[in-house]
Each structure stands twice: as C-alpha cells, then as structure tokens.
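Please open the structure in a viewer and keep the selection tool at hand.

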Amino acid sequence: SHGKIIYLHNLKSGLISYVFGDLDLNGKSTLDCKGHSGIVTSLYFQHCFIYSGSTDKTIICWDIEKKAPRFCARGHEGTVLSIHVNENAMVSGGVDKSIIIWDKESGKMRKRVRGHLVGVNSILCGATWILSGDVKG
C-alpha cells in the first residue's frame with residue numbers, strides 16, 4: 001500500500017485527522033474506504049472533497065464528511081498527473097497526453113481534449129477556459 005494512501009492532517013497540530021485509502025490509522029484494512037491500486041500522483045482539495053489521481057489511471061473523489069469515496073472516474077489511458085476543479089467541472093491531465101473534462105458530481109467523462117505531444121502535468125480551468133502545461137515545459 002506504499003504511496004496509495006492519502007493523509008488528512010490538521011494544519012494547526014500537524015496530527016493526522018483521517019486516512020483515505022485501504023488502511024485506517026492502525027494499519028487495518030477498511031471496507032468503506034477502498035482506495036487506489038496505484039501510487040497517488042496528484043491531489044486537489046475543494047470544500048469537503050479531496051480529488052486524488054493515480055498511476056492506476058483513475059481519479060477518486062473522497063467525501064471528507066462521510067469519510068468515503070464519492071466516485072471513481074475512469075478514462076485516462078495512463079497515470080493521472082494533474083487535477084483541477086471549479087464550479088462547472090473537474091478537469092485532469094495525464095501521461096496519455098490528454099485533458100479530460102468530467103462531470104464533477106458523478107465523475108462521468110464529458111469530453112477528451114487532445115493536442116499535447118507529451119504528458120499533461122499541470123492544469124487549471126476557469127468558467128470558459130483550460131490552461132495546461134506539459135512535461136516539455
């Protein structure tokens with residue numbers, strides 16, 4: 001499970017508040033928080049949700065209040081390198097050279113955007129635009 005776990009820390013105390021993934025704080029297996037099968041490579045936090053991308057080609061939206069996954073988005077053909085979420089959508093970039101626009105409530109793919117010649121390792125989006133950067137700079 002090395003690299004497959006997400007730790008939520010309290011900023012003031014530095015203590016771990018909760019662990020999202022396959023194991024709880026005591027290292028015991030949990031059924032309600034099944035996590036990534038690959039290494040976590042990207043994270044994004046908004047309101048009460050954590051979005052995690054992984055080498056397993058998925059994005060999991062974690063509900064902090066319920067301490068459980070909300071959805072698992074599948075569509076990238078390689079590692080997810082970057083995630084951004086705004087009021088309209090979730091967008092992600094990956095090793096597969098694509099940007100995917102997702103429904104942020106369900107994790108369903110809306111559209112795949114191609115154009116990069118290498119992996120997309122940084123991404124931001126606004127109401128009408130997507131800004132992306134790739135591994136070539």
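**First stop: His76 and its surroundings**

Select His76 and display its neighbours: leaving aside residues up to four places away in sequence, His76 touches Lys57, Ser92, Gly93, Gly94, Asp96, Ser98, Ile100, Trp102 and Arg112, where contact means heavy atoms within 4.5 Å. The model is a predicted one, in which local features need pLDDT of at least 70 and side-chain atom pairs count only at pLDDT 80 or more, while totals for chains, interfaces and linings use all residues. Residues are numbered from 1 along each chain as its sequence is written, and side-chain values use heavy atoms, with hydrogens and water left out.

His76 is placed in the loop between strand E6 (68-74) and strand E7 (80-85). Helices (H or I, at least four residues) and strands (E, at least two) are DSSP runs, numbered from the N terminus. Is His76 buried or exposed? His76 is buried, its relative accessible area being 5%; buried means under 20% relative accessible area, exposed over 50%, and partly exposed in between (1.4 Å probe, protein chains only).

Now show the side chains of Ser92 and Asp96. The side chain of His76 makes a polar contact of 2.7 Å with that of Ser92 and a polar contact of 3.1 Å with that of Asp96. A polar contact is a pair of N or O atoms within 3.5 Å; within protein, one must be able to donate a hydrogen and the other to accept it, and residues adjacent in sequence count only if both atoms are side-chain atoms.

**Second stop: the salt bridges**

Arg112 lies in strand E10 and Asp96 in the loop between strand E8 (90-94) and E9, so the pair ties together parts that are 16 residues apart in sequence. Asp96 is buried at 11% relative accessible area, whereas Arg112 is partly exposed at 24%.

A salt bridge is a side-chain nitrogen of Lys or Arg within 4 Å of a carboxyl oxygen of Asp or Glu, and the structure holds 4 of them. Select Glu105 and Arg70 for another, in which the closest N and O atoms are 2.5 Å apart. Glu105 lies in the loop between E9 and strand E10 (109-114) and Arg70 in strand E6, so this pair links parts 35 residues apart in sequence. Next, select Asp103 and Arg110, whose side chains meet in a salt bridge of 3.8 Å, N to O.

Select Tyr51, Ile59, Phe71, Ala73, Ile83, Met90 and Trp102. Of the 13 residues in the largest nonpolar core, these touch the most other members. A nonpolar core is a set of buried Ala, Val, Leu, Ile, Met, Phe, Trp, Tyr and Cys residues joined through side-chain atoms within 4.5 Å. Strand E4 (49-54), strand E5 (58-63), E6, E7 and strand E9 (98-102) each supply at least two residues of this core. The largest share, 3 residues, comes from E7. Apart from this core lies another, of 8 residues, among them Tyr18, Phe20, Val40 and Ile64.

**Last stop: a hairpin**

Finally, select residues 120-125 and 130-134, which are strands E11 and E12. The two run antiparallel and are joined by 5 bridges; strands pair if DSSP finds at least two bridges between them. A hairpin connects E11 to E12 through 4 residues. Leu124 has Leu131 in E12 as its bridge partner.
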